[in-house]
Amino acid sequence: MRNAETYPASGECRLNDDHSIGTPYAKGKAGETPPCGIKYLRPSGDGTFKLRATITWNVAWTGTGGVGGDLPDGTFGTTQDITVQEIQSANR
């Protein structure tokens, strides 16, 4: 049984034009698919679910003389226990 769904399914969120990720919640958007996020499908009961989040950035540099280059990608990630107490649903 799956515990959660990621959005997008690949788990790799795209950057917005302003280099932010995702969008703030706004009234009337509750039924829309988020551009970046996770939806838990069931409560965690007496335990927790493990959430792993990772960010990777690409770095390039240019000196005042026009010389430049790429540096190795930087990656940072961490795992956190998440307690999901209740799941909302609507029956029609």
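## Terms and basis

A residue is called buried when its relative accessible area is under 20%, exposed when over 50%, and partly exposed in between (1.4 Å probe, protein chains only). Lys50, for example, counts as exposed at 64% relative accessibility.

This is a predicted model, in which local features need pLDDT of at least 70 and side-chain atom pairs count only at pLDDT 80 or more, while totals for chains, interfaces and linings use all residues. Residues are numbered from 1 along each chain as its sequence is written, and side-chain values use heavy atoms, with hydrogens and water left out.

## Confidence

The pLDDT is the predictor's confidence in each residue, on a scale from 0 to 100. The protein averages 88, and 95% of the residues score at least 70. Where pLDDT is low, the predicted coordinates should not be read in detail.

Helices (H or I, at least four residues) and strands (E, at least two) are DSSP runs, numbered from the N terminus. Among the elements of the protein, the highest mean pLDDT, 94, belongs to strand S4 (residues 68-82). The lowest, 88, belongs to strand S2 (residues 37-40).

## The disulfide

A disulfide is a pair of cysteine sulfur atoms within 2.5 Å. The whole structure holds 1 disulfide. Its partners are Cys13 and Cys36, with sulfur atoms 1.9 Å apart. The link of Cys13 and Cys36 is right-handed, with 80° about the S-S bond. Cys13 lies in the loop between strand S1 (4-7) and S2, and Cys36 in the loop between S1 and S2, so the pair ties together parts that are 23 residues apart in sequence.

Both cysteines have an intermediate accessibility class: Cys13 is partly exposed at 28% relative accessible area, and Cys36 is partly exposed at 27%.

Most residues other than glycine have a negative phi, and most peptide bonds are trans. Pro8 is found in the loop between S1 and S2.

With 62% relative accessibility, His19 counts as exposed.

## Salt bridges

A salt bridge is a side-chain nitrogen of Lys or Arg within 4 Å of a carboxyl oxygen of Asp or Glu. By this rule the structure has 3 salt bridges. Arg2 forms one with Glu5, the closest N and O atoms being 3.3 Å apart. Arg2 is exposed, with a relative accessible area of 55%, whereas Glu5 is partly exposed at 24%. Glu5 also meets the side chain of Lys39 in a salt bridge of 3.8 Å, N to O. This pair links distant parts of the chain, with Lys39 in strand S2 and Glu5 in strand S1, 34 residues apart. Lys39 is partly exposed, with a relative accessible area of 40%.

Lys50 and Asp81 form another salt bridge, at 2.8 Å from N to O. The pair again links distant parts of the chain: Lys50 is in strand S3 and Asp81 in strand S4, 31 residues apart. Lys50 is exposed, while Asp81 is partly exposed at 42% relative accessibility.

## Aromatic pair and nonpolar patch

Rings of Phe, Tyr and Trp (its six-membered ring) pair if their centres lie within 6.5 Å; planes under 30 degrees apart count as stacked, over 60 as edge-to-face and the rest as tilted. The count comes to 1 aromatic pair. Tyr40 and Phe49 form this stacked pair, 5.6 Å centre to centre and with 5° between the planes. Tyr40 counts as buried at 18% relative accessibility, and Phe49 counts as buried at 8%.

Patches are made of residues with over 30% relative accessible area and no salt bridge; like charges are joined within 9 Å, and nonpolar side chains (Val, Leu, Ile, Met, Phe, Trp, Tyr) within 5 Å. Accessible areas come from the Shrake-Rupley method with a 1.4 Å probe, and for residues only the protein chains shown count as cover. Ile55, Trp57 and Phe76 make a nonpolar surface patch of about 340 Å². Trp57 is found in strand S3 (residues 49-62) and is partly exposed, with a relative accessible area of 43%.
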